[in-house]
Amino acid sequence: MTDKELDIMLKKSLQTSYLPNDDVNISLMDKIRSLDEGKGKSDSEGRSNEIVSVIRNARKPISWIVKAAIFFLVFSALGTGGVLAANYLLKQSEVYEHGVSVGGNVNDEDLAEPWEDVPEESLGTEEGKGGDLWYSKEVILTDGTYQNSLYSYRTYEEGTKDSGFPNIFSEPIGTPQSITYVVTEVTSDGKVAGEAIDKTLDSIFDYKGHRVYLSQDVMPGASADSGYSVCMNKTANTRSYTSSQGIVFTLVDDIEADVDNWTRKGTRTYVMLSYGNYRGFIYFEEMDDNDIHDILDKIVLGE
């Protein structure tokens, strides 16, 4: 199994999502129609109707790549909460039976509903050249519309430098296993239309023989108050920890997680890391709290 295949499997299993309300969906449909103005009627009308049909079913969660493309317009009407930690606002986590969320209007039924599969097509791979920090790139087309460029790096520091995401660790936390930067863009007639709608840096580390997975996400055009969720099989043992940096983290276990590359059921401990325009989470696979606290003590978040 390649690093990219593992990244994709992890993404599909984690099922992060943005869940806008009906008003947001209506606004998004109006936005899409306005973008089509000036084009030929038959072409633009067919394109709008196709996307609107998807949006009308947006309450039913779908595959990880498409969720980013569909839900990129989220407005500040969605609620948020938080606790003051150091010099920034770390958003408060809400724990449900089947997941954890920050902001937005989420219920457990949304998190528990099975996710749909969508077709994916590899558009090719290439190796990095002399001046590139990434060593390989793969482009995947999802649902015939959403182009996802996956850049692979050898170190977390290279990934953050190239992607623009902050390095949130005061010192290395383990051996990097897979560092992948994913840029999601919408295509029209086979060409990228507009700016990227989602950017994610996914990092996997080995810490004393245990997997640590960090996901950092930015959606240009999404409000800082938009909702962000991670789906789980069964949550338990919610607790808090105040790190040596003064950050108050909420920890929650998924006690029916698929661990050891999906060979058995075990425990993953999740912590949401959403502040400012950044959304994300970190999970610790089959780790005790002392080791988890050691890593959380190394997290330093900016304003």
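This report covers the overall make-up of a predicted protein model and its largest cavity.

## Basis

The model is predicted, so local features need pLDDT of at least 70 and side-chain atom pairs count only at pLDDT 80 or more, while totals for chains, interfaces and linings use all residues. Residues are numbered from 1 along each chain as its sequence is written, and side-chain values use heavy atoms, leaving out hydrogens and water.

## Overall make-up

The protein has 7 helices and 17 strands (DSSP runs numbered from the N terminus: helices are H or I, at least four residues; strands are E, at least two). Of its 303 residues, 52% are buried, meaning under 20% relative accessible area with a 1.4 Å probe, protein chains only.

Among contacts (heavy atoms within 4.5 Å) between residues at least 6 apart in sequence, 61% join residues at least 24 apart.

## The largest cavity

The whole structure holds 2 cavities of 30 Å³ or more. A cavity is a set of points, on a 1 Å grid over the protein atoms alone, where a 1.4 Å probe fits but cannot get out; lining residues have an atom within 4 Å of a point. The largest cavity contains about 70 Å³ of space, a volume being the space filled by probe spheres set on the points, which are joined across faces, edges and corners.

Its lining consists of I168, L214, S215, Q216, D217, L273, Y275, Y278, R279, G280, F281 and L301. Two or more of these residues come from each of β12 (210-218) and β17 (279-285), and β12 gives the largest share, 4 residues.

Note on methods: On a 1 Å grid over the protein atoms alone, a cavity is a set of points where a 1.4 Å probe fits but cannot get out, and a pocket is an open set with protein on both sides within 12 Å along at least five of seven lines; lining residues have an atom within 4 Å of a point. Buried means under 20% relative accessible area, exposed over 50%, partly exposed in between (1.4 Å probe, protein chains only).
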